[in-house]
Amino acid sequence: MDEARTPERESGTLHEAEARFRIAFEEAGISMAIVGLDGAFLRVNRALSELLGYDEDALLGGGFDLIHHDAGGPTSDNWRKLATGVIERYQFDRPYRHADGRMVWGSTTLALVRDSAGAPLYAIGQMQDITARKEAEERADRRARQQSALARLSQLALNEQDVCMLTRATVATIAASLDVSLVGLTEVDADGGGLTHVCGWRGDDADAGAHAPDHLDEAHARHALDHGSAVVVQDAADETRFDVAGLAARGLASGIAIPVAGEGAAPYGVLGMYATAPRAFDHDDLAFLSSVANVLTGALRRQAAERGLRHQALHDPLTQLPNRVLLLDRLRLALARRRRENRWVAVLCLDVDDFKGVNDSLGHAAGDDLLRALAPRLSETLRPFDTLARLGADEFAILLEGLDDPSESVRVAQRLLNVVAQPLDVAGVALRTTASIGIALAAPVADVDGEDLLRDANVATYRAKRAGRGRAELFDDAMRADTVERLALTNDLRRAIEQNELRVVYQPLVHLGRRQASGFEALVRWTHPERGEIPPGRFIPLAEQHGLIEPLGEWVMREALTQLRRWHDDGFALSMGMSVNVSRVQLSRPGLALEIVALLEELELAPDRLIVEVTESAVMEDPDVANATLDALSDYGVRIALDDFGVGQSSLACLRDLPLNALKLDRQFITSLASSREAAAIVRAVCDMARTLRFVVVAEGVETEAQWQVVEALGCDFGQGFLYARPTRPEDMRATVAAIDARLGGRGAARV
Ligand code: C2E
Ligand code: CA
Ligand code: CA
């Protein structure tokens with residue numbers, strides 16, 4: 001220090017004032033220094049040496065750089081201006097390192113002191129300790145940064161579907177917001193055992209880079225999991241709660257590990273961060289990390305909920321199998337892959353035969369049990385990458401991918417039919433069921449879409465059912481053409497019903513004993529504007545499938561009975577009845593009987609003028625509802641005829657349970673009488689039984705005199721067929737009946 005420039009020497013005349021100044025300087029509560037024009041401390045007071053933790057000598061000797069290395073310090077422009085007398089004073093804030101290593105913030109004001117001639121002499125510096133204020137500011141600043149980082153993360157968590165992306169962002173957020181050198185996230189394995197590294201971040205300093213790749217100390221993480229909350233390590237050297245060998249080995253001195261909750265009660269994993277130096281993580285750090293963990297938890301829970309919703313939207317709740325939507329999605333992908341791989345794709349529709357019967361006889365719960373039991377059986381038959389879906393009540397679909405040989409699909413279908421046929425224990429009953437399967441194939445290059453393929457398979461299933469259940473049927477081009485045609489026809493039929501394009505013709509029934517016409521069967525006719533006559537055998541099934549049979553049947557019923565009313569009014573056919581065909585679909589509707597009764601009353605027709613013709617299969621379809629309807633009609637006095645007897649699985653036993661007035665032997669049966677002794681025996685047995693059970697027997701489709709004679713000899717009561725009359729337009733009916741009567745009477749039989 002330059003003695004010549006001390007204040008004492010410069011102004012000896014102010015000695016007293018100087019002494020006062022020195023005392024004031026030394027004892028001042030505020031830190032002060034006298035700084036020479038070269039920027040070096042000439043003198044420092046006690047408060048300053050206390051603030052910085054160095055004694056006076058240390059400051060005067062080596063404390064030079066404490067103030068010197070900063071823009072706000074003495075070597076700055078400001079200092080040069082001050083030292084040359086351009087400015088009188090200036091002020092700056094800056095941090096200093098305390099002797100114990102911590103940072104101390106000072107706010108310093110330097111003021112120039114001039115000599116009596118006005119030349120710059122030295123500067124007096126006063127420094128105020130603003131550490132607390134600075135720390136508060138920094139904390140507020142950091143908090144704001146953390147908050148905005150958290151807000152960004154929350155935003156991301158809302159939009160990001162990829163857990164991996166989200167966890168990476170989480171780790172990055174922590175790394176950017178806290179002064180740490182290592183951040184890591186681990187996941188608790190599904191079995192609750194191991195911890196798996198999810199992602200991590202390392203500070204770029206070499207030390208941290210050398211740390212183990214899992215970024216999170218396992219012992220620390222486990223302790224946090226056991227603890228169920230954040231575990232803060234301030235200094236690994238003092239840590240006693242868990243084994244710090246892992247931390248020590250990696251040179252980590254401090255850190256926080258915090259559990260991240262998962263979707264349910266079980267934790268998802270642990271989030272952790274570490275620093276290489278001991279550190280008193282403050283409340284803010286902890287709160288921030290908790291918030292980050294919460295954001296992650298919220299996102300994981302939300303994603304789990306969304307996964308749940310997605311699952312629900314794409315799966316059948318009963319069997320947990322994929323539903324139609326998911327099947328179609330996979331089908332779309334499979335069809336695309338098929339082109340690339342040059343392989344076949346097959347869709348199988350499997351329909352449980354007589355599922356309704358199970359529901360009706362054992363209850364819906366048993367029906368559900370059956371489906372639930374069936375699902376795993378079916379899927380065990382398939383390869384792991386095939387898709388088994390449930391489309392509807394008793395309808396399953398199977399997607400077979402990557403087939404080299406399309407016939408493989410038929411083999412799979414056969415295996416499926418076999419497992420369905422194994423008895424299943426349902427509601428304590430060993431249930432045997434069968435299924436019908438339709439198969440549709442997509443060749444490697446064919447242009448098909450999923451919906452079409454599924455629909456084709458469905459059509460083939462329908463075929464399989466009609467061909468006799470328990471079998472598989474392959475969709476082919478003929479079926480495709482047929483499907484298209486059926487769709488077109490159905491549309492036309494809808495219009496035909498609405499626009500009254502249908503007509504009813506009547507075929508007389510003949511009483512064989514009395515040898516006269518005794519009644520009529522109403523038969524619907526449709527003349528298509530372009531295609532001409534469409535046989536009812538073609539459009540009635542379409543009407544049944546597409547919900548058109550009810551309006552159609554209702555219309556025929558009203559038309560036929562109105563016709564009979566008209567004839568009666570004209571004094572014609574007064575003793576004759578009208579037979580009307582009622583489809584099985586109509587029969588399954590409970591309101592049918594009431595509607596028919598109301599119609600009879602409206603037309604003032606005696607109930608026994610009407611004969612309702614139902615087929616046996618219609619009755620068997622839903623015996624309860626059908627029987628209720630038939631019983632109600634029968635109680636009212638309407639007569640019931642069982643149509644088409646002899647085809648299908650007719651059983652004589654069931655005849656006893658029905659309120660039957662007539663039985664119509666199917667035309668095929670009558671045709672086979674000529675060649676089959678067995679047929680004749682059956683007809684005789686039926687006629688015998690009819691007498692016991694008090695119903696009459698009608699022979700349908702009598703075309704020849706020979707047939708007439710045979711059916712009469714076997715005991716049939718009535719005949720119907722081209723031999724007597726073809727179905728006839730109502731306006732020609734008088735003539736037709738007259739001709740029949742004349743012809744039959746002409747054979748010499750007595751009229752009754
Ligand atoms: P179905 O009830 O067995 O009616 C008798 C069918 O046999 C009629 O055919 C009739 O024209 C035909 N037929 C009568 N005698 C002979 C014969 O000697 N030889 C031959 N080869 N055929 C004979 P259609 O009119 O074509 O009706 C076919 C089926 O369509 C009917 O069979 C019936 O099941 C259904 N059907 C007709 N009209 C209606 C209706 O209004 N409602 C319902 N639900 N079904 C109807
Ligand atoms: Ca009939
Ligand atoms: Ca018939």
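View 1. Glutamate 341 is partly exposed, at 40% relative accessible area (buried is under 20%, exposed over 50%, partly exposed in between; 1.4 Å probe, protein chains only). Its partner arginine 343 is partly exposed at 28%, and the two side chains meet at 3.9 Å, N to O (a salt bridge is a side-chain nitrogen of Lys or Arg within 4 Å of a carboxyl oxygen of Asp or Glu). The model is predicted: local features need pLDDT of at least 70 and side-chain atom pairs pLDDT 80 or more, while totals for chains, interfaces and linings use all residues. Residues are numbered from 1 along each chain as written, chains are lettered from A and ligands numbered from 1 in written order, and side-chain values use heavy atoms, without hydrogens and water.

**View 2. Salt bridge between arginine 455 and aspartate 456.** The closest N and O atoms are 3.5 Å apart. Aspartate 456 is buried at 2%, whereas arginine 455 is partly exposed at 35%.

**View 3. Calcium ion (ligand 2) and its protein donors.** Glu521 (OE), Asn581 (OD1), Glu613 (OE) and Asp643 (OD) lie 2.1 to 2.2 Å from the ion (donors are N, O and S atoms within 2.8 Å of the metal, or 3.2 Å for Na, K and Ca; water is not among the atoms, so sites may look incomplete). Glutamate 521 is in strand E19 (residues 516–528) and glutamate 613 in strand E22 (residues 610–615), so the pair ties together parts 92 residues apart in sequence (strands are DSSP runs of E, at least two residues, numbered from the N terminus). Both are buried, glutamate 521 at 4% and glutamate 613 at 2%. Aspartate 643 bridges this ion and the calcium ion (ligand 3), 4.0 Å apart.

Definitions and conventions. Helix = DSSP H or I, 4+ residues; strand = E, 2+ residues; numbered from the N terminus.
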